[in-house]
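Biologist: I'm new to this one. Can you put it on screen and walk me through it?

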Amino acid sequence: MARIGLCEDDPAIRRVVLAALEHAGHEGVSAHDGREALRLFSDDDSLAVIVLDIGLPDSDGRDVCLALRSAGQPAPVLFLTALGAVHDRLAGFSAGADDYLPKPFDVKELIARIDALAKRGRIVTGQAPTDLVLDPARHALVCGDREVLLTPTEFRMLAAITSRPGEVVRRRAVVAAAWPDGAQVNENTVDSYVRRIRVKLDEVGSPLHLQTVRGVGFRLA
């Protein structure tokens, strides 16, 4: 038996998937929007797999995935979505997904994919930056009792970096997480966003600093 997190806003789909999980011998933990998913899933180290809908009522599921990774959640993530185009799938993988199943889907295939991810195991990560919280519903950065709003691009860039604590995250990975596939983004644009993120980290009193590793990428230290 595995413990599976499910975030899906459609109650009919949620009921069907939870019933299928139970039939397969798994325990399902459900959320109806991104904020609830972040609250329930971020610190739950018993989750074997997380299933996320992309089209959530309060946020983009890809931003929720980035926020969960930033919070240190290592469970593999499978996206459920009506967005099945190649660029949509690539955006999902850039946000940290491990698998992708377009709607409409066969429940038996979903369970098979969940089982495969559960067998693959959890992702090994470093220590998450415990003082920083990313809110995907509001695109906000929170540190203690201070909060600052981020643009969607700033949010995705910062989440891509904080989701790999202790690592230097390559510039191309940050760009892939923050911009649509195929977008032409020059280095000056990326550096301009990095400067803005540094200012906002200072505004919330973050003890961590966003460093540029020349010729490679970025890290928080």
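Biologist: Is Asp 131 buried, partly exposed or exposed?

Modeller: Asp 131 is partly exposed, at a relative accessible area of 43%. Buried means under 20% relative accessible area, exposed means over 50%, and partly exposed is in between, with a 1.4 Å probe and protein chains only.

Biologist: Where does Asp 131 lie?

Modeller: In the loop between α5 and β6 (132-135). Helices (H or I, at least four residues) and strands (E, at least two) are DSSP runs, numbered from the N terminus.

Biologist: What does Asp 131 touch?

Modeller: Val 142, Cys 143, Gly 144 and Pro 207, not counting residues up to four places away in sequence. Contact means heavy atoms within 4.5 Å. The C-alpha atoms of Asp 131 and Cys 143 are separated by 5.5 Å, and the two residues are 12 apart along the chain.

Biologist: Where does this model come from?

Modeller: It is a predicted model, where local features need pLDDT of at least 70, side-chain atom pairs count only at pLDDT 80 or more, and totals for chains, interfaces and linings use all residues. Residues are numbered from 1 along each chain as its sequence is written, and side-chain values use heavy atoms, with hydrogens and water left out.

Biologist: What is the mean pLDDT of the protein?

Modeller: The mean is 90, and 95% of the residues reach 70 or more. pLDDT is the predictor's confidence in each residue, from 0 to 100.

Biologist: Which element has the lowest mean pLDDT, and which the highest?

Modeller: Helix α4 (residues 86-94) has the lowest, at 76. Strand β1 (residues 3-7) has the highest, at 97.

Biologist: On to the helices. How do α1 and α5 pack?

Modeller: Helix α1 (residues 11-23) and helix α5 (residues 107-120) pack at an angle of about 55°, and their axes are 10 Å apart. That makes α1 oblique to α5. Axes are lines fitted to C-alpha atoms, for helices over the stretch in contact, and angles run from 0 to 180 degrees between N-to-C directions. Under 35 degrees counts as roughly parallel, over 145 as roughly antiparallel, 65 to 115 as roughly perpendicular, and the rest as oblique.

Biologist: Which residues make that contact?

Modeller: From α1, Val 16, Val 17, Ala 20 and Leu 21. From α5, Val 107, Leu 110, Ile 111 and Ile 114. The contact of α1 with α5 has 8 nonpolar residues, no polar and no charged. Ala, Val, Leu, Ile, Met, Phe, Trp, Tyr, Cys and Pro count as nonpolar, Asp, Glu, Lys and Arg as charged, and the others, Gly among them, as polar.

Biologist: How many residues of α6 are buried?

Modeller: In helix α6 (residues 152-162), 9 of the 11 are buried, so the helix is largely enclosed by the rest of the structure. Among them are Phe 155, Met 157 and Ile 161.

Biologist: At what angle do α6 and α8 cross?

Modeller: Roughly 85°, and the axes of α6 and helix α8 (residues 187-203) come within 10 Å. The two helices are therefore roughly perpendicular to each other. Their contact includes Met 157 and Leu 158 of α6 and Tyr 193 and Ile 197 of α8. By class, the contact of α6 with α8 has 7 nonpolar, 1 polar and 3 charged residues.

Biologist: And how do α3 and α6 cross?

Modeller: At roughly 35°, and the axes of helix α3 (residues 61-70) and α6 come within 8 Å. Leu 66 and Ala 67 are among the α3 residues in that contact, and Phe 155 and Ala 159 among those of α6.

Biologist: Switching topic. Which peptide bond is cis?

Modeller: The one from Lys 103 to Pro 104, with omega near -5°. Pro 104 lies in the loop between β5 (99-102) and α5. Most peptide bonds are trans.

Biologist: What is the phi of His 139?

Modeller: Positive, about 50°, although His 139 is not a glycine. His 139 lies in the loop between β6 and β7 (140-143). At 16% relative accessibility, His 139 counts as buried.

Biologist: Last one. Is Glu 8 buried or exposed?

Modeller: Buried, at 1% relative accessibility. Glu 8 is found in the loop between β1 and α1. Leaving aside neighbours within four places in sequence, its contacts include Arg 14, His 32, Asp 53 and Lys 103.
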